[in-house]
Structures are given as structure tokens and as C-alpha cells.
Amino acid sequence: METFKMIQSRKAVRQYSGQITKEQLQKIITAANAAAVGMGEFENYRLTVIQKAEILNKLSGIYDAPTVIVVSAKNPSAMEDISAGTIVHNMELTAEDQGLGANYNMSSLGSIPDDVIPDGFKPIFALTLGQTTEKFVPREISLDKIKTNIVK
Ligand SMILES: Cc1cc2nc3c(=O)[nH]c(=O)nc-3n(C[C@H](O)[C@H](O)[C@H](O)COP(=O)(O)O)c2cc1C
């Protein structure tokens, strides 16, 4: 989909009807790697793709998603938090551009078992993913959802 149309069409999807394919996952991971991160320090981040039922069952607030991708960072600070946002946002747009349902997720972070995340890294943001029956059509976006002041 054309970029601006996709931005207008994206939405939080919390109902999933099946697992994503390997090809869809590969494209989403490519999008993560195309994200901007502070100082270009890609080595300070890790992606963990969770598709194992035994682990997913332990996660809170994931709406029975069949896939959860966790972004973790070394020594999280504001720059890492923001960079995790750009990574997850790239993945969310790419997932929904492929017709998948996706949603940003922070509520699962405290429930992720330590041994799932690489040593020395802390989870900071996550994405829930799955097939969906929802359609993506441009939404009416009001200009003042976020109040703006223009200084000139
Ligand atoms: C930083 C951040 C954290 C979020 N955490 C959650 C979450 O834990 N659970 C959830 O259901 N939605 C979560 N969301 C999704 C927002 O609730 C959602 O994007 C917002 O309500 C706007 O709706 P829209 O995405 O459909 O435009 C999060 C979004 C962001 C940006």
C-alpha cells in the first residue's frame, strides 16, 4: 500500500485468527532491521520472536496472539526506549501492509520469562501479531488528536 494510505489505515488489532507465515515474519524482521536507531548502535538491541505456546501462555495482555516479537536492549535509557519504538513501529506497519493484525504491547513485558531474552538484555517493547479478518481502509484522522502549536 502507498505509505500515507497505510499510515491512515493502520490500527491496533487485538483479535487474531491464525499464525503468520515464515515469509511474512521474514519481511517483518527486515522492516525491524531497516529502522532508525540512536547512534546506529544496532548491536545494543535484540529481537526475540516467541511462537511457543508454553511461553505465550505465560505472557499477560497479549490477546492470545500466536506471535509476539520482543525488542530488548542493553542498558535501556531514553534513547533505547525511543529506538525500540521506531523498530516496533516499522514492524507494525509492515505487518499490517501484509494484511496481518498487529499491536504495540507493553503490558506483557513484566511477564516475559528471563531465560527467553538473551543474557544482558532487558525487554522494552513488544509487538503482538497474527492473521486477522479485519480490513485496512484509510481512517478519518482529525488534525487535532494531538494538539499542535506552530511557532513562526
Ligand atoms: C508505547 C505503546 C504501548 C502500548 N501498549 C499497549 C498494550 O500493552 N496493550 C494494548 O492493547 N495496546 C497497547 N498499545 C496500543 C495503543 O493502545 C493504541 O495504539 C492506541 O489506543 C491508538 O489506537 P490505534 O493504534 O488503533 O490508532 C500501545 C501503544 C504504544 C504506542
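**Notebook: sheet, helices and cores**

I looked up serine 72 and found that its bridge partner in β4 is proline 123. Strands here are DSSP runs of E, at least two residues, and helices are runs of H or I, at least four, numbered from the N terminus. The model is predicted, so I noted that local features need pLDDT of at least 70 and side-chain atom pairs 80 or more, while totals for chains, interfaces and linings use all residues. Residues are numbered from 1 along each chain as its sequence is written, and side-chain values use heavy atoms, without hydrogens and water.

Next I followed the strands. β2 (residues 67-73) and β4 (residues 122-131) run antiparallel and are joined by seven bridges; two strands pair if DSSP finds at least two bridges between them. The open sheet has four strands in the order β1-β2-β4-β3, with antiparallel pairing. At its edges I found β1 (45-50) and β3 (100-105), each pairing on one side only.

Then I checked the helices. α2 (residues 22-33) packs on the sheet and touches β1, β2, β3 and β4; contact means heavy atoms within 4.5 Å. The direction of α2 makes about 160° with that of β1. Angles run from 0 to 180 degrees between N-to-C directions of axes fitted to C-alpha atoms, for helices over the stretch in contact.

Last, I looked at the largest nonpolar core, which has 21 residues. Such a core is a set of buried Ala, Val, Leu, Ile, Met, Phe, Trp, Tyr and Cys residues joined through side-chain atoms within 4.5 Å; buried means under 20% relative accessible area (1.4 Å probe, protein chains only). Its largest share, five residues, comes from α4.

Notes. Buried < 20%, exposed > 50% of the residue type's maximum accessible area, 1.4 Å probe, protein only.
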